[in-house]
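User: I'm new to this one and would like to know what the labels rest on. Can you walk me through it?

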Amino acid sequence: MSQRGISTVVDATLALLLISASILVVATSLAADQPGMDLEASDHVSETVSISTANVSYSLRPVVDDIDDVDFEDDAYSNSVFQRQRYGSVADLVASSTMLNVTIEGRQLTREGEIYADAVEGSLMEALTGLGYDAYVTGRWQPYDGASIAATGTYGSPPPGDADVQLATLRVPSGVQPVSEDVEDAYEDGYGTGRSDQKYERAAGVLAETIVERYLPAGETQVALEGQWFRRDLAVYRYLRIESILAETEADSDWGDEYYHFDPATDENVLGRSGANATKANAYLARGTDGLGPSAAGEADGLRGVIEDDLKETISHEEMKSFDESSSIEEIVITVRVWRA
Amino acid sequence: MTNERPSTVTIAESDRGRIPFALIGVVLLATSSIAVVSLQTRTDPRADTDVATAFDRIETTTHVTLREAATTGLRDAAAAPVTETADTALGNAIKGGSADDTFRNYVRLRIYLAAREKLARTDQAVGNGVTASASLPPVEGGADSIEAALDRVEMSAGYYDSDLETGVVAVTIENVTLTVESDAGRETAQRTFELTVPTTVFEMHEKTQEYERRLNVGFFEPGFDGDRLYYGFGRKFAVRQYPVSWAKTYFDRFGPKKWDRAFEPIHDDRSTEILANLAAFDVQQATFGTADPAVDRIRRERMTCFALSTGYKVYDAVSKNGTTTSDVSDVGDVSEAALENATDASSDDGRIQVNEDTLCRATRYMMGNSEGGLGDPPSIRKMTEGFIKDKAGNVGGAVEIEVNPFADASYYGIRYGDRAESLTDLNNRDDISVDWPPGETDPEGDDAWSDVKDNVDGSGEDSEDLLSGMELDPDTRFDEVIGHVYDVEVDVSEDVSRDGPRPWAPEPPGDNWTEVESERRYEVVDADDVEVTTERGPDTNIEGDRWSDLRNVAATIENELKHVRKWRRMEGNGQNVRVNTTTTTATRNVTFESDVDIDAKHSQRTQVDDLGTEHVYESGGEAGPEDVPNFERVPQRSLSKVFGVELSTEDELEAKLDDKIDTGSIVSEDRMGEAVTSRTDTFEPDVLEEAERETLETWIEDEVDDVRATVKDEIPPVEVGPTTFVDGEPILDGLRENISDMKSRLVYGDGPGGPYENPKAKVRAEATKVYLDNVFEWTSRFDDKATDTKNTAQDEVMAPLDVADGEIAEVVSFAQRVIAGDVDMAGDADFEGSPLYDDVKFTIDASPAYLESATVNRTELPAVRASGDGFTDLDDGVEHGPMVTKYDNVFLPRSGAPLVPWPGFWYATLSTWGLQIDGEYARFELRADVSDPSTSEPVRYIRDDREVAVELADGAMTAGSVTPIDFRSDTVVAVIVPSYTKAATGKPGIGDPWGKRYGCAGPYPETGPEPDEDSCNWITD
């Protein structure tokens, strides 16, 4: 019997409004006395984005019917299995939403984040418009320059041409391990082999493994694959989605579709219930057939192939040796643009 | 709920979400020393480069990062909830006073590590070469470093700390270093951050701990949470197992003889396993307010399996000609078509041999196929009532105990107690034609009895103990009753007197006469006859225990007495002196009288009320055989004795006394006294001749036999519920009350308590009273023996089980209430979630959801791991033992112990089993739908057998272990059925047949990873 008068969000926003108003009053008087001590409105806004919190409930429904091999329609499901919620600062919500909207060569990795993104936008706008601003917020994760695998999120509409726009940027963790030094090492090791293909391949391998682990953490995924129903379906969904994207990126190669090692319907398969092996499945996605060991058949390259192509194309030998300087794999850049509504 | 969320924020489902926002406000205020300038003064976007602003920026982003770190730390801790620490620097640092304390320390560590890691990735480039960063020192393997890290994190959690709501955690992280670098150099500052985040982790932890505790609660320790008495596994299991045990036992006991035992053994792995799992599901529901979603299907499948296999056993026993699916489906309430489809599907060649196992396997097919036309499985209650009870009669109903054996036993005791030592001796005496125990002509009943006799306490040597209390040693037998009534005591007193003075001879004339005193004497000159007068005392209406006049006899003699005195005198002088003598006499008539007072008392030692007796010292009255006298012989016999004469009538007394007494010698009162009475002491005259005594005894035997018939006829049996046999309270109070109620009427008659008609009537009253008291006494001896038996059984059953507080009576009484539908196990439980979340949905995911009494490997149960292994350590060779069900007939003879173990008094039979359920989940997971969106995986609290290492700055270090949910619960099953000797239908003996041992002969295997597979008791089908 919850008697609710007021929602948490409205409550929070109200609190923020009141506090902000008082600050503005103080600021106005300060401004009159000391016009030199200005604080940018964008800082004020980014502070709001950082500190105000919200709880976002959302559904994973869009994954249903997204691919043929996972139908998400077991009888045992109730609708509630699709429901999720996340509590965090608005910045955290933006960051996590951004990371979910990851693409490989423009192909969306999962549809889990669709409704979440809308909900995050809603809470963001609610927080900012309360302050009297319009806002356009973008989140961007780009592990390295020219990456084909990247995540972006945009919230709100771009400012009109005549708006007086303030800009602030915020860097928050992406949840991807900071492996750029390992990448440098791998590159150097590959270079040491004397084989020209090795240096980029090895560097790309480290990145691919790290990124796959970010989206399919082996420990969690292992348990999910061993489980039943929705949680298992969802893990299988991500594997199959990534697999099919990778297959598409290689589709123009001579070898055609080389991705045939995933077979969740067979128990003994790495995606099967009793044969579940997330470590192996991850290695397969990251390094293709090589990830399955020397005896595996096929010529799949995995995410490593995509990344290797990127690196070769955009990052010079010198830049690879100091990869850490240009990499931003561990952070998301959130850009906040605000203007008076 | 099909609502796909609109692009707005959902409203929190709580009315208490304000504290955190107040906190936000506080933080905002605290950080609002920053001056704010309105937007209008700005013209174009540009980055700020001011160092102070950079500090503000990094402080703000650090706040974001630390909040996320707290969430991540909590989440990491839940996925690997360490409650047992390793002996490492890390383990020792987080070791707390309790598992909960350890867990909280561990959470703090996880938060610190997450905070440090995330801060390291959030350098902020503010612009113009100014960068800002936040950092915490790395945690290295040394104790100091770990302690310092833990010291920086303070945490109070809503579940434990009263000033916070459940689901809210306040975290303080101290001394975070903020650094700003610019061309001007490097500046640092230390800041302390306070955050409030929602979490379900502690509630999940507590609920899961509670689940494990409840699983570990045995039947006899229900009170771990006061009023939630029935929420422990022990009771939840009992509420399912007991009615099944009772129904099976009753079915085997009362099934027609031609049936074999359907349930041998009564408890088997499979059915115990099923019921134990159902109980565990119920404990889940009671603890979490929800159960594993797999439970629904499993419950249906297993219940159906249980119903079918139970039904199969019943029908298999009823008809050895083979069972058709149609028979079985009647039992299980499933459609025949569905069953046939299922059995077809489960057999390779399509031709199915129906047996218990195939039926169970078949149900999996039926359930696995959601289209199966299978209705709801029958409930246990329906099963026991529906087909077992129908055939077994009133399961757990009352046993009727009639007064008959007590009425007979006491009759035989009073009648034959001088000839037979015990009831069972009655058969051995040629002169006693009594068969005891009564009505036991069925050889199977005899067998059942001898089985018990041989096997109670494991040896026949104790049978004397068993029979103690059956001795025939009544306080009073019939002959003694007669002796007590026909018992007259006579008291005699004599008073002798003289009427008038005796004569006195004078002195002779003259002087100096001296009397020769030795010559003085009385002589009877003229002797008279004796005259006797007799006064009769009352003959009627005399109370027993009081002296009453029997006869007063006065004897008188009037003699003429002469008094003679001799005198002498010296006469002359000198040599002429001589002696002169003379005599004087006097004569007179004198009367002597002896008054002899003869009093009597009778039947002083009787137990009946002394109401007086009508005809006492006379014949008369209708009661009793005519040729047996009252006490009418007493007066004459008493006179004869007192006066020492043989009288044939009282009238002869005077003549006989006259003959006897030499009246010429009566010169004084003393002489008179000596002459009249022969004895004046108290004596008991013979009242009955031997033949009369025998006649009277025969009569009284018949009379009391009539009383026995009346008692049997009028006293209704008492209905005794099973609990009464073992609770130590008196069983036969009802009989005793009735005996007491009728006693007065049977002893004294319907009238208003007048005097007994004659001594024979009193004999009858006395015998009746003695008899009824003895019946009463027998019922009490029975009760005492029942208590002894109960105590013996209690000791033998409980002692080996380490459940010293356990009472058989509690077990039986609980079973009774369950069978009667009187046990309400309903309870509610719920998750609170967090005020900062919307309603949180929790999901239980147990591996296995159903704990089988069979080892499983990873192929069958993907969660199986070797002990200590992590999620990604995979080994197909490892086995896991989810459940071991231990059951053993506990010490009592396997065909049941008699309550009470006296032949003829064996009304009920007790059988007991000790059941122990050991279980261990390979993995028990609780999920909340609070997710990290990047993986969509909900927050997971996972308990399994896992070692946890934590990555520190200089390598991984073991923190401790996650412990699996591992439980053990003890229950005693006690079943009481009416004994075969009292209800000779079906089969004698209950429980598991004597001489056969079921269950495990060796040590039972342990549950959990890598159990001993060769051990017995794993189901291998």
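User: What makes domain 1 and domain 2 of chain A domains here?

Analyst: The bounds come from an automatic or database domain assignment, and for chain A that assignment gives 8–174 + 332–340 as domain 1 and 180–325 as domain 2. Bear in mind that this is a predicted model, where local features need pLDDT of at least 70, side-chain atom pairs count only at pLDDT 80 or more, and totals for chains, interfaces and linings use all residues. Residues are numbered from 1 along each chain as its sequence is written, with chains lettered from A and ligands numbered from 1 in the order in which they are written.

User: How do you know which residues of domain 1 of chain A are in contact with domain 2 of chain A?

Analyst: Contact means that C-beta atoms, placed from the backbone, lie within 7 Å. By that test, 21 residues of domain 1 of chain A meet 24 residues of domain 2 of chain A. On the domain 1 side, 13 are nonpolar, three polar and five charged (nonpolar: Ala, Val, Leu, Ile, Met, Phe, Trp, Tyr, Cys and Pro; charged: Asp, Glu, Lys and Arg; polar: the others, Gly among them).

User: Which residues touch the most other members of the largest nonpolar core?

Analyst: Among them are B:I111 and B:Y771, in a core of 235 residues. A core joins buried Ala, Val, Leu, Ile, Met, Phe, Trp, Tyr and Cys residues through C-beta atoms within 7 Å.

Notes
Two residues are in contact if their C-beta atoms, placed from the backbone, lie within 7 Å. A residue is buried if 20 or more other C-beta atoms lie within 10 Å of its own, exposed if 12 or fewer, and partly exposed in between; C-beta atoms are placed from the backbone.
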